Amino acid sequence: MLNMTDDPGELIAAVRDKANAAEMPAALVFNCHITGLAVARSLGKRGVPVVGLDRDENGYGLHSKLTAVAGRCPYPLDDERGFIDLLLEIGAELKRKAVLFPCLDEWVFAVARHRRELEEYFLIPFSEIETVERILDKNLLYRKCEARGIPIPRTFYLDEQTPEQIATEIEFPCIVKPALQREFTNEFGQKVFRVETREQFFAIYERAARHALLAQEIVGSGVDSFYSLCSYISRDGEAKGVFVGRKLEQYPPEFGTACLVDSRYVGEIVERGVDILREFGYHGISEVEFLRDERDGEFKLLDINTRVWKWIGLPITAGIDLPWLAYADAVYGKVKTADRQRDGMKWVYLKDYVELRRGQVGVRETTLSEKDWLELMAGEDSREIVESTLSKDDPVPFVRMMESLFDKRQYYCAC
């Protein structure tokens, strides 16, 4: 079993011994929970020495046998300078530049802000901070979409209009969301608020007024109206791998994160999503989220994640190995375009899925079938369904997930 260290000196020594001894340049993955585990497995299976970093020792990826080195690191929102200094200390010990894979927005921003320092030792496979900021700031993202005619849900900006003005124009129920997500999510434990009445709208505005806020109409008829274009765009603007997934279930049920997803190619989403990324001049791995509005049949843009995300294990298993495309392009300067995705597959995070089903009555079309459960129990050979942690060849992360069911303190990752 992999030994994880809290000691920076031990961590750096382990990196020096294990990463430098490998034939391929290392990859640093952080944070290293569900998302980082999928990245570590993707790259580790190809012989890449993976260094997994997290502020929390319970991150599943830290316990994978495909993570060559695992260690604790400062959290960027608490100590960004300390985190960057640790990366620089690690980088100074490497014989070859390593590739960085930040797995949440705050880690993306920390790397992007210190790009010039980090590039001495590392390859950074995504766009400069100016592009990332334009995309992750929903005020900027939505305004640019409006200017370019890209469909979005009807949106009101609380830096342009007063809450009283918006309350007279918007239909209830509606959504109130932050322009910048991470600090909002850390404070409230959720990405958005669903608002049922004018009175609730004013109360939520007062409660969250320190954040830049937007109000948005609700479109779509259910969680399975959510689709995502998942892609790797190279520096020359070429889409080297594209994948479309549809969210089937999420936890918590109101505006949570996906716990059941299927692979479902939609050409319109691929074309629109790639066009949007090119409009912004973005290169790297990303997830472009759409919601199908049944009123007009349009796929309307909701968000762009400029990083790997929670269920990236699904496109990897369906033949679109986005972490490997990013790594190979960064290291070798070229990469072969991936073939068409395999449709009909499912990805599930059992911990959240079981918790969700405990609170539901009856069986819905989108739930796991008896066939799905049998395939999960049989193992991975059929590859029709993927569990985020389960692997016969790498069992410890699944064991850690099962053990966490009884932990009083849960690992929180709004990925």
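1. In this predicted model, helix α6 (residues 129-136) and helix α7 (residues 138-148) have axes that come within 5 Å and cross at roughly 80°. Helix α6 is therefore roughly perpendicular to α7, since angles of 65 to 115 degrees fall in that class. On the α6 side the contact is made by E133, R134, I135 and L136, and on the α7 side by K138, L140, L141 and K144. Sorted by class, the contact of α6 with α7 comprises four nonpolar and four charged residues, with no polar residues.

2. The model contains an open sheet of six strands, paired in parallel and ordered β1-β4-β3-β2-β5-β6. Its edge strands are β1 (4-5) and β6 (122-123), each of which pairs on one side only. Within the sheet, strand β2 (residues 27-30) runs parallel to strand β3 (residues 50-54), and four bridges join the two. The bridge partner of A27 is V50 in β3.

3. Helix α2 (residues 34-44) is mostly covered, with eleven of its eleven residues buried. The buried residues of α2 include the charged residue R41, as well as I34, L37, A38, V39 and L43.

4. The whole structure holds 15 aromatic pairs. One of them joins Y75 and W107, whose ring centres lie 5.9 Å apart with 55° between the planes, a tilted arrangement. This pair links distant parts of the chain: Y75 sits in the loop between β4 (69-72) and α3 (76-92), whereas W107 belongs to helix α4 (residues 105-113), and the two are 32 residues apart. Y75 has a relative accessible area of 6% and so counts as buried; W107, at 1%, is buried as well. A further pair is formed by W309 and W311, with ring centres 5.6 Å apart and planes at 80°, so this pair is edge-to-face. Both W309 and W311 are buried.

5. Y75 and W107 also belong to one aromatic cluster, together with F30 and F83.

6. Where does D352 lie, and is it buried or exposed? D352 is part of helix α14 (residues 350-358). Its relative accessibility is 14%, so D352 counts as buried, the cut-off being under 20%. Apart from neighbours within four places in sequence, D352 is in contact with Y251, T257, C259 and K310.

Technical notes: Residues are numbered from 1 along each chain as its sequence is written. This is a predicted model: local features need pLDDT of at least 70, side-chain atom pairs count only at pLDDT 80 or more; totals for chains, interfaces and linings use all residues. Side-chain values use heavy atoms; hydrogens and water are left out. Buried means under 20% relative accessible area, exposed over 50%, partly exposed in between (1.4 Å probe, protein chains only). Contact means heavy atoms within 4.5 Å. Two strands pair if DSSP finds at least two bridges between them. Axes are lines fitted to C-alpha atoms, for helices over the stretch in contact, and angles run from 0 to 180 degrees between N-to-C directions. Angles under 35 degrees count as roughly parallel, over 145 as roughly antiparallel, 65 to 115 as roughly perpendicular and the rest as oblique. Rings of Phe, Tyr and Trp (its six-membered ring) pair if their centres lie within 6.5 Å; planes under 30 degrees apart count as stacked, over 60 as edge-to-face and the rest as tilted.
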